Structure formats: C-alpha cells, structure tokens
Amino acid sequence: MSSHAPNGAIDYKTLVQDDRIHASLYTDPQVFDDEMERIFRRGWVFVGHASEITGPGDFVTRRVGTEPVIMVRGKDGGVGVLVNRCMHRGTMVCPADRGSARAFTCPYHGWTYDISGELLGVPYPGGYAAFDKSAHGLTRAPRVSSYRGFVFASLSAEGISLAEHLGSATRLIDRSCDLSPAGEIELTAGWVKHRCPANWKTLPENDSDGYHLGFVHRALFSTVRSQYQRVVGDEKTIKAVVRDWGNGHIEIDWSPGYQGPFEWLGGVSGSTVADFVAALERRDGAEVTRRRIFEGPAHALIFPNLFLGETNIAIVEPVSVEECVHWHTPMFLKGVPEFRSRLLRMAEAGMGPASFLMPEDLTVASRNQLGLHARTAPWLELGRGLNRERVDAEGRTVSHVTDETTNRALWRHYRAVMTEA
Amino acid sequence: MVSEAEYRAVVEFLYREARLADEARYAEWLALWTDDAVYWVPATTDPAADPDKHLSHIYDNRGRLETRIKLVQTGHRYSQEPASPMRRLISNIEVAPADNGELVAESNFALAELAIQAKRELHWWVGRATHRLRRVGSELKLCRKTVVLVNAAEPLPNLSFLI
C-alpha cells in the first residue's frame, strides 16, 4: 500500500484508522516533517514553567519541535519565547541550557539583542546605507500563553487559543497544582534528559498505556512495592481507568485502585504530612483535602509534548523520525519544602536513564522502532477495549486501565490535526 | 601522601570493582560496599551540584543500591537483559588520605558499552570517578562513589548497568 498520494501528500485518513494505524507513521521522514509543521508549529507546544525563570533576564533554552528557542523573563515580568537564531547569518545566539542575561550577543559578528529580542546594535554600521534595527530583532513566537505557570507557545500567528486547545484538560493541571497549599508548583531541581532511539510518538503513547506495566516493569513489581502494584494481577480486580479528555489529552487515573491517602507519594503518613494536610485543610476544608491527598497528582498527557507524570513533569522532545528525548524533573509543591528530598528520590527511581522504570520503556520503544520497519506486517492494532469503553456524564470516554482508549484518542486527534485545512 | 602499599591496594580495589561491574557480577560488586553506602551520579558537571536540591541520575543509599541489584538479578530488567557487554579503562589515579583514616581515590574512566538489548549501538561513557574507601578488618570497602560524566547534563541513553 502506498501512503503517498500522486501529489506526494500523505493520506493520513488511510494511515490512521479507528482501530489500527500504519507503521510508516513512525518511520517516514515526510510524516515527521508534516508533524513538525502541523503539530509543533501551528499548534500549542509546552515550552517550560514560569518557576524556571523568576527574575528579569532569566532564561532557559528549549526546542519547539525542532526549532531552538529561548524562554526568557522580560523586564516587565512577562515571559517571551524567542527563536534562538541570529537574524544576520542564522547562528544560534544562546548556547547555554539556562542562565540570566542582560543581552544576547551573537558570537559570529557581534550583533546584540536585548532580552525582549530587540536588536540593540550592529558593529561597523557604516557598511549599510540604511539599516532598520527594528526589522532585525530576534523572531518571537507569535503566540505565548500560560496556564498556572505552564508556558505554551505556538509558532503560528493564527489558530485556536490555548484555552480552546486545553479545554477541560485544565482540570488535570489543576489536580497537580492544587496539591500545593500555595496553588503553585516549582520546577527548580533541573532536568534529566533521556535519549530514546525511537519515534517521539512512542513516548506519549507509552506514558498513557496502562496495559504494559505488569510486563515491561515486571522486574520492579517483583522486587519492590509501588503505587502501580494495584494494576497488575487479575483483570477484573483492577480498578484504575483510562480517560479521554479530548484534543489528544489523555489520562491514566490510578486513584480508583488506591486504598488509602498518599499512595502516590509512597504511602507516607504521620508527622511527615501533618503540616501539609493542615495547610490544605485551611484552604479547601477537610472533605476536599481528603480527596486531594487520596487522588494525588495527574498522570496525563497534555497533547503533544507535556506529560504530567504524577510527581514529575516531563517533556517529549522530537529529534528526528527515529529519535527523541524524554525530559523530566520532580514537581515541587510551593510551600512544602519537607517533600523535596522525597520527590527528588522518587523522580530518580521513576524516570531517567538510570531509573527503575523508564529504561525498560525505552528499551521496548527502541525495539518497537526496529520492528516497525517490517513492512510485510504494516499495521498496529489499537482495538483493545472497544467492547467495553463507556462515555461518562461529562462526555469523556472511560475504560479499564489496560484498554487502548487513550491511544485511540491520541490518534483520533492526530488525524484531525494532520488533515485539517 | 599515602604509602606505596596503600596506593597499590587502592588501585587494585579500583580495578577489581571495575571488572566486577563490567562482567555484571552483581552480588560480588555489592559486597564491596559498606552499609552507609552513597552512590551518586549527578545530572550536571557543576561542582555546586547538591543532591538535596538538584535531580541526579543516581543517588542511592544502601537500600536503593540493593534494589538496583535485585532488579537486574530478576532477569526481567529488559534494559539489561542480556547484560551489556562492556569494558572500562581507568587512569590518572590519585589517592589522598581523608578523615577517619579513610582514603579518597580520584580517577578518569572511559567505558565502552554495547547496548545489545535493542539497536546494538556502542555507547562511550567517559568521566571522573571519586571513590571513598574505608579499611574494614583487612579489606578496603567502598563507602561513597561519585561518578561525574562529561556529558552528565546531555540526553543519555539507558544507564541501568553499573557505572
């Protein structure tokens, strides 16, 4: 089967079907190029968190798709996203991961920009008859918007708003942020980056796949207790669910399987959490607090690249059709410093190249990538759970945690984005 | 300064530790450690890195170190099943006395790892290791090992073997 129309365009309606998808979506460089344009340029992409850049001039460098950007705190306190590329000859102006700057100076010919991207000066201006500095500032992401400190950018001037993109999935972000008595999370521990020799889509798919845990992570489950224990075992006794929030935002909700508060935090109790619980109760009252400490933070993908990984925040960074990077950092709760070392150690156990979970996921992702080159068997099955998924009172499709409801929701949205006018 | 004999004992310890790690001899490797073990692989080359404030690749106490070993011993730690064939070279070894009669050895290493579990790529791991060693009876034991990779802050492939 050819996936390319006579004009060279890829027929995503054929490749993405309701219960199966075609392997070329993971291996075709043209698909990757289309995704960078349609998902990562036109759409909303998570860039970073406001807590990473607290003072004027503070910056971090990231990629929006494959485009290098600088997320910087302006003099006015606002957050800007600048394309990290000198307007003279294209040199990356800022090579650092993070820092604080008063200006960005290109090393090539000394063009200097202020932290809002405006061109301050060009050495030897006598070489230009007339030079309009205002027309040569660093390119700014046309749209930058944030929700509860999570900064998103779109490299397109037009399109739906961030609020429309997030829809009701803001409640997933709320679920995590509201665990802080101050209502804010802080990402100040630094990021670990895990290189994955597989297509970027394998990571959001795997992060929201509740079917693989007992198999891929068998070593861990047979060695130590964890909050995931209740999703392995007899199919009928597993209570956790998967949920489709629309627009490609998808969730695994472990909490129906929890038997007590703080299972998501390793089952802490007593004096460790007394002040924390009291602070939440002062703000929310006893009943809401009881629910919050029972349910814990969200385990959800905010399409396309932000993963709310319970007590971690993660980013999926595409590199090429065959490679991506999974970033993660612990989600510190503002006002709860006593959880920090626990959250650090949980982050190291759960995610990253030396952790007890992700190396297995990435090994399987890498084997996926190898297997998907077998074109004599080109289809991937995504039909699991079609027989039992249901729509809840709020219109969200919900099913058994091992069902592919989340995968189908991701791909349905993908097909819409990849085929819209 | 340490004596010739002490220096030699430390070098032999480093070589033995390296060989046990390279050959996935997990139980013997674990037996090199004291009960107050700290095994740290920071996620940055910044000397100001603080494991109580910053995320690390590894920051194991004895309990977590034992878990790390148990995982690979299950036979289902698929990122190390089978174990990566690997060999490391150790060089530039400097040994200095430390408090409580302990010894600190700093060394450079280069480790070639064949990630045989999927794509069969050869990965080079390069960095500086600091071993803090304590005499226990007639033996040297490892109480703290810090490994600073030159690319600690870059995207790293799986690191579920013993670095």
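In this predicted model, B:E12 and B:R8 both belong to helix α1 of chain B, which covers residues 4-22. The two positions are 4 residues apart, about one turn of the helix. A salt bridge joins B:E12 to B:R8, and their closest N and O atoms are 3.1 Å apart. B:R8 counts as exposed because its relative accessibility is 58% and the limit for that class is over 50%. B:E12, at 42% relative accessibility, counts as partly exposed.

Salt bridges can also be linked to one another. One network, joined through shared partners, contains A:R148, A:D174, A:D178, A:R283, A:D284 and A:R292. Over all chains, the count of salt bridges comes to 47. Side chains of opposite charge can pair when their charged atoms come close.

| Salt bridge | Closest N and O atoms |
|---|---|
| B:E12 and B:R8 | 3.1 Å |
| A:R42 and A:E37 | 3.3 Å |
| A:R396 and A:D392 | 2.9 Å |

A:R42 has a relative accessibility of 35% and counts as partly exposed. A:D392, at 23% relative accessibility, counts as partly exposed.

The description now turns to chain A as a whole. Chain A contains 12 helices and 23 strands. Its radius of gyration is 23 Å, close to the 22 Å that the globule rule gives for 421 residues, so chain A is as compact as a globular protein of that length. Along the principal axes, the C-alpha atoms of chain A fill a box of roughly 75 × 60 × 40 Å. Among contacts in chain A with a separation of 6 or more, 62% are between residues 24 or more positions apart. The accessible surface of this chain comes to about 17,000 Å², and carbon and sulfur atoms account for 51% of that area.

How much of chain A is buried? Of its 421 residues, 57% count as buried. The largest nonpolar core has 63 residues, and A:F150 and A:L308 are those with the most contacts inside it. Leaving aside residues up to four places away in sequence, A:L308 touches A:F150, A:L172, A:I173, A:A298, A:H299, A:A300, A:I302 and A:I313. A second, separate core has 50 residues, including A:A153, A:C196, A:W200 and A:L301.

B:W124 has a relative accessibility of 52% and so counts as exposed, the limit being over 50%.

Technical notes: Residues numbered from 1 in each chain as written. Chains lettered and ligands numbered in written order. Predicted model: local features only at pLDDT ≥ 70, side-chain atom pairs only at ≥ 80, totals over all residues. Heavy atoms only, no water. Buried < 20%, exposed > 50% of the residue type's maximum accessible area, 1.4 Å probe, protein only. Rg over C-alpha atoms; globule rule 2.2 N^0.38 Å. Contact = heavy atoms within 4.5 Å. Areas by Shrake-Rupley, 256 points an atom, 1.4 Å probe, with all protein chains shown as cover. Core = buried A, V, L, I, M, F, W, Y, C linked by side-chain atoms within 4.5 Å. Salt bridge = Lys/Arg side-chain N within 4 Å of Asp/Glu carboxyl O.
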